[in-house]
Amino acid sequence: MDNSRQLFQYILSGLSNGAIYALIGFGFAIIYNATGIINFAQGEFVMLGGMFTIFFLAFFHLPLLPAIILAILFSTIIGIAFERLAIRPLKNATPLSLVIITIGASILLRGIAMLVWGKDTHAVTAFSGNDPLYIAGATILPQHIWIFAITLLIIAANKIFFNYSIVGKAMRACAYNSQAASLVGINVKTMVLLSFVISSAIGSMAGIIIAPLTMTSFDVGIMLGLKGFCAVIIGGMSSGLGTIMGGLLLGLLESLGVGYISASYKDAIAFIILLLILFIRPEGLFRTKETERV
Amino acid sequence: MLKIKNINTYYGQVYALKNVSLHLKEGEIVTLIGANGAGKTTLLNSLSCIVPVQSGEILFAGESISNLAPSQIVRLGISQVPEGRQVFKPLSVEDNLELGAYQHYSSRAGRAEAKNTASMIYDLFPILHKRRKQLAGTLSGGEQQMLSIGRALMAKPKLLLLDEPSMGLAPMIVQEIFRVIENLSQEKQTTVLLVEQNARAALKMAHRGYVLETGKMILEGTAAELLQNKDVQRAYLGRDKKEIWER
């Protein structure tokens, strides 16, 4: 009885971490599909989300909701600035040099965050208290429910945006064939900018909802970013179901590994999975080969 | 309506177009013929501003349009049906058409108009209506070509640029597509610039033609003249071949 309760607990915390990884993975996928580059600064937007929230809470004594909205807004503005200043001015740059630029940007953002907010670890207050709920003998924090609910909401919003709105469809068209997209009058540069807007907003949101559970500091972006990267690799660079499954799978394995093997292997598990996927199935676990008829 | 004056285009160090000039009058069908690598696609892409023009001038309805953004070209009323169809394969037929009218979607009136245009295109190509929920990637080559033309027409172009619409298609389908193009020009007064390897079919339909060879315009004339021209016949129509073999 105690064992199964424990297992349930691991699964629960694994899934909630996994949801976060999936959200971060989404950010990678959206930018990758629009531009062909992997934005290694993605993790920093996760950090910015959490840090900005604390900043607005502690220094301006704002209530939680406005602080969160402002934090997302500011992170997104930084995302826009990043695209305008570091990505767009480079004409004819190869994806590899752009990827290196994103690594540079990530170091820069982390450095600025350290100078501005210091090296301390901060905790954001949980959205609705810390009194655990008991479900089937396992404890669940209200924050877990927030994480699941917000993740579901973002996934649904994503789905609706990319499948039903004209701008979302235009972004997919751009990802598939940017030249044909510009021939129908879609402004490709705007779509690239938009992909940075969406992914920095989603990234910062992920950072905000996890901050009450895991605390946040200037350097949380590295690890969370890499975990999100791992999720999106498992999902085959899709901004859909694959990455959600990838994130959840990663979170589950991590949490079970921590529970049954050792907590010190937590991060190793993610990277072993990442390496295995890259060696054995680089197209991702879920991506089926596209059929093509000419 | 369209005037190209002495444009030059390079790819790196390589000349793609050398002092090319061309003009189109309203309502005309003009065909551009030439072998592979002659620069036909480059010329269309220069018009659509996908390839930058180094020197020379392109005038559309009296205004210079060289080196605008590709999306502005579409807004002015020039749509291209690209080589190899290039439909958005992961999206449905319906969505492909919708994206063709992308710039009309910012206003409510534009959206309503796009719906009308779409039903007009379904009348033109009934098979697309039957397949409207299918992903474009699952269509046959001919259907993809129809979709690609339909997508370009969604923008309600005044000038339609067609890049080898007959490529890789069965003769029956080519006929159907050519018939539609001819109708467009007659009924909607759409001006058409048609790039073709299938020179005979293109010249039969067109009013005038140009011949492009290794980046230079070498001939210009009415379609009838070009059909009679000995050089054109030998190089692009395949007549005389028998006699050459017998000699």
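Colleague: In which order do the four strands of the open sheet in chain B stand, and is the pairing parallel or antiparallel?

Modeller: Please keep in mind that this is a predicted model. The order in chain B is S2-S1-S4-S5, and the pairing in this open sheet is antiparallel.

Colleague: Which strands stand at the edges?

Modeller: Strand S2 (14-24) and strand S5 (63-64) of chain B do. Each has a single partner strand, so one side of each is left without a neighbour in the sheet.

Colleague: How many bridges join S1(B) to S2(B)?

Modeller: There are seven bridges between S1(B) and S2(B), and the two strands run antiparallel. As one example, B:Ile7 has B:Val20 in S2(B) as its bridge partner.

Colleague: Which helix packs on that sheet?

Modeller: Helix H1 (residues 40-47) of chain B does, touching S1, S2 and strand S4 (55-60) of chain B. The direction of this helix makes about 65° with that of S2(B).

Colleague: What is the phi of B:Asn6?

Modeller: B:Asn6 has a positive phi, about 45°, although it is not a glycine. Most residues other than glycine have a negative phi. B:Asn6 belongs to strand S1 (residues 2-11) of chain B.

Colleague: Is B:Asn6 buried or exposed?

Modeller: B:Asn6 counts as exposed because it has 12 C-beta neighbours inside 10 Å, and the cut-off for that class is 12 or fewer.

Colleague: And B:Gln189, where is that found?

Modeller: B:Gln189 sits in the loop between helix H7 (171-187) and strand S8 (191-196) of chain B. The phi of B:Gln189 is positive at about 55°, and this residue is not a glycine either. B:Gln189 is exposed, with 11 other C-beta atoms within 10 Å.

Colleague: Let us turn to S9(B). How many of its six residues are buried?

Modeller: Five of the six residues of strand S9 (residues 208-213) of chain B are buried, so this strand is largely enclosed by the rest of the structure.

Colleague: Which strands does S9(B) pair with?

Modeller: With strand S3 (residues 29-33) of chain B, S9(B) pairs in the parallel sense over four bridges; there, B:Ile33 has B:Val211 as its bridge partner. With strand S10 (residues 216-222) of chain B, S9(B) runs antiparallel, joined by six bridges. B:Glu213 stands opposite B:Lys216 in S10(B).

Colleague: How many residues lie between S9(B) and S10(B) in their hairpin?

Modeller: Two residues lie between them, and B:Thr214 in the turn has a positive phi of about 35°.

Colleague: Now chain A. At what angle do H2(A) and H8(A) pack?

Modeller: Helix H2 (residues 42-59) and helix H8 (residues 188-214) of chain A pack at an angle of about 55°, with their axes 7 Å apart. That angle makes H2(A) oblique to H8(A). The crossing is right-handed.

Colleague: Which residues make the contact?

Modeller: On H2(A) they include A:Phe45, A:Gly49, A:Gly50 and A:Thr53, and on H8(A) they include A:Ser200, A:Gly203, A:Gly207 and A:Ala211. By class, the contact has eight nonpolar, nine polar and no charged residues.

Colleague: How do H1(A) and H2(A) cross?

Modeller: The axes of helix H1 (residues 2-35) of chain A and H2(A) come within 9 Å and cross at roughly 130°, which makes H1(A) oblique to H2(A). This crossing is right-handed. A:Ile24, A:Gly27 and A:Phe28 in H1(A) meet A:Gln42, A:Phe45 and A:Val46 in H2(A); by class, the residues are four nonpolar, two polar and no charged.

Colleague: What is A:Leu15 in contact with, leaving aside its neighbours within four places in sequence?

Modeller: A:Leu15, found in helix H1 of chain A, is in contact with A:Leu248, A:Gly251 and A:Leu252 on that basis. The C-alpha atoms of A:Leu15 and A:His144 are separated by 9.2 Å, although the two residues are 129 residues apart along the chain. A:Leu15 is partly exposed, with 19 other C-beta atoms within 10 Å.

Terms used:
Residues are numbered from 1 along each chain as its sequence is written. Chains are lettered from A and ligands numbered from 1 in the order in which they are written. This is a predicted model: local features need pLDDT of at least 70, side-chain atom pairs count only at pLDDT 80 or more; totals for chains, interfaces and linings use all residues. Axes are lines fitted to C-alpha atoms, for helices over the stretch in contact, and angles run from 0 to 180 degrees between N-to-C directions. Angles under 35 degrees count as roughly parallel, over 145 as roughly antiparallel, 65 to 115 as roughly perpendicular and the rest as oblique. A crossing is left-handed if the near helix is turned anticlockwise from the far one by less than a right angle, and right-handed if clockwise. Two residues are in contact if their C-beta atoms, placed from the backbone, lie within 7 Å. Ala, Val, Leu, Ile, Met, Phe, Trp, Tyr, Cys and Pro count as nonpolar, Asp, Glu, Lys and Arg as charged, and the others, Gly among them, as polar. A residue is buried if 20 or more other C-beta atoms lie within 10 Å of its own, exposed if 12 or fewer, and partly exposed in between; C-beta atoms are placed from the backbone. Two strands pair if DSSP finds at least two bridges between them.
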